[in-house]
Amino acid sequence: VSQDTVRHCSKQSLEKKSLMVAIGSPSITSALVALSVLAINITVDGAREKMIRAGKKHKEHDHVHVVVNKVGPFNNPTEMYRFYSLPFCQEHATEDEEKSHPHYGDNTDDETGEEPGWGEHPITREKKGGKLHSQRLGQSMVGDRRESTPYELTFGDDVEWRLLCSTRLSADDLQVFRDAIHNTYFFEMFLEDLPMWGYIGEVVNEDIVMGQVREDGTVYLFPHLHFDIGYDGDNRIVSVQVSTQAERRVDISLVENGKKELTVPFSYSVTWTKEPELTWKRRHSRYVSNEFVPKGFEIHWLSIINSFVLVMLLTAFFDNYLDEGFETRF
């Protein structure tokens, strides 16, 4: 047998061994496990809530679903958590619970004296909060965790005030909310494909230098959300905005030694406005100057790219290390 034939056979054997070890290397194994988990997540999407399509031409009183996504500190958009990691309402109040609430009389018409009622389209209470929605791969990669909410909005129907739920928050629940507010947490919601942002609460008389609240400082929770929704001439939703009302904020700083509980009424209101000048194709144009968009999205994509490059470098390093080991050994 010639020496060239021996060298050729040895080279092929070495390449096969290198390939087998490389496949069994930790970096490649981790990548395969990650792909398997991703495939499992995509497979189980069938058990989730269906993805809400944008551009539907609504009929009067059609149900419009609000979807929550995540919460996190405004100054660090890469640190995000599930919306329901905070103790928000996951089930809508009943009509009797709303009528028994002290704020129910606030909606009485001053001229006619009529109570607001629930109209011809009462709350169904079919939607529960916290059920995951199906997502695209890109949405999962950027950390989206879209979930259903108990909010019940109907197309074209204004709501002056409606009780979402009245819940008794324990000392631990209040501490979770206070920590979130101290860290300037904001939330993200969606109506179809249009995002909305708002803050969980605010701190008054905060010591910015030390990052602590003074003795006379006050922590407020925003339990009321107001939805401003615009639609075009074809009854397609083209603009959304959520805002909090300072007059409805709740003081959650008055907790003595972590023993005091507090009942907080979470509520919402809705205003519908026809905007024929804003076409459906240009519905995202108003987000260009939004304070939440540039910083959050830019930093988020930068961190994803940085992580991807780091994984590639580590993979190349381990592969090179294994190649050198085989060359030395054989």
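1. β7 (185-191) is mostly covered, with seven of its seven residues buried. Buried means under 20% relative accessible area, with a 1.4 Å probe and protein chains only. Strands are DSSP runs of E of at least two residues, helices runs of H or I of at least four, both numbered from the N terminus. The model is predicted: local features need pLDDT of at least 70, side-chain atom pairs count only at pLDDT 80 or more, and totals for chains, interfaces and linings use all residues. Residues are numbered from 1 along each chain as its sequence is written, and side-chain values use heavy atoms, leaving out hydrogens and water.

2. Both faces of β7 are covered. Y185, F187, M189 and L191 are buried on one side. F186, E188 and F190 are buried on the other. In a regular strand, side chains alternate between the two faces of the sheet.

3. β7 has two antiparallel partners here. Strand β2 (residues 66-73) pairs with β7 over seven bridges; two strands pair if DSSP finds at least two bridges between them. V68 stands opposite M189. Six bridges join β7 to β8 (residues 194-199), where G198 stands opposite F187.

4. A separate topic is the open sheet of four strands, in the order β6-β14-β11-β12 with mixed pairing. Its edge strands, β6 (159-169) and β12 (237-244), each pair on one side only. β11 (residues 224-231) and β14 (residues 262-274) run parallel and are joined by eight bridges. D228 has T271 in β14 as its bridge partner. Helix α5 (residues 171-182) packs on this sheet, touching β6 and β14; contact means heavy atoms within 4.5 Å.

5. Three cavities of 30 Å³ or more are counted. A cavity is a set of points on a 1 Å grid over the protein atoms alone where a 1.4 Å probe fits but cannot get out; lining residues have an atom within 4 Å of a point. Grid points are joined across faces, edges and corners, and volume is the space filled by probe spheres set on the points. The largest cavity has a volume of about 160 Å³. Of its 17 lining residues, F83, F88, Y151, L225 and F266 are the closest to its centre. β7 and β14 each supply at least two lining residues.

Technical notes. Axes are lines fitted to C-alpha atoms, for helices over the stretch in contact, and angles run from 0 to 180 degrees between N-to-C directions. On a 1 Å grid over the protein atoms alone, a cavity is a set of points where a 1.4 Å probe fits but cannot get out, and a pocket is an open set with protein on both sides within 12 Å along at least five of seven lines; lining residues have an atom within 4 Å of a point. Buried means under 20% relative accessible area, exposed over 50%, partly exposed in between (1.4 Å probe, protein chains only).
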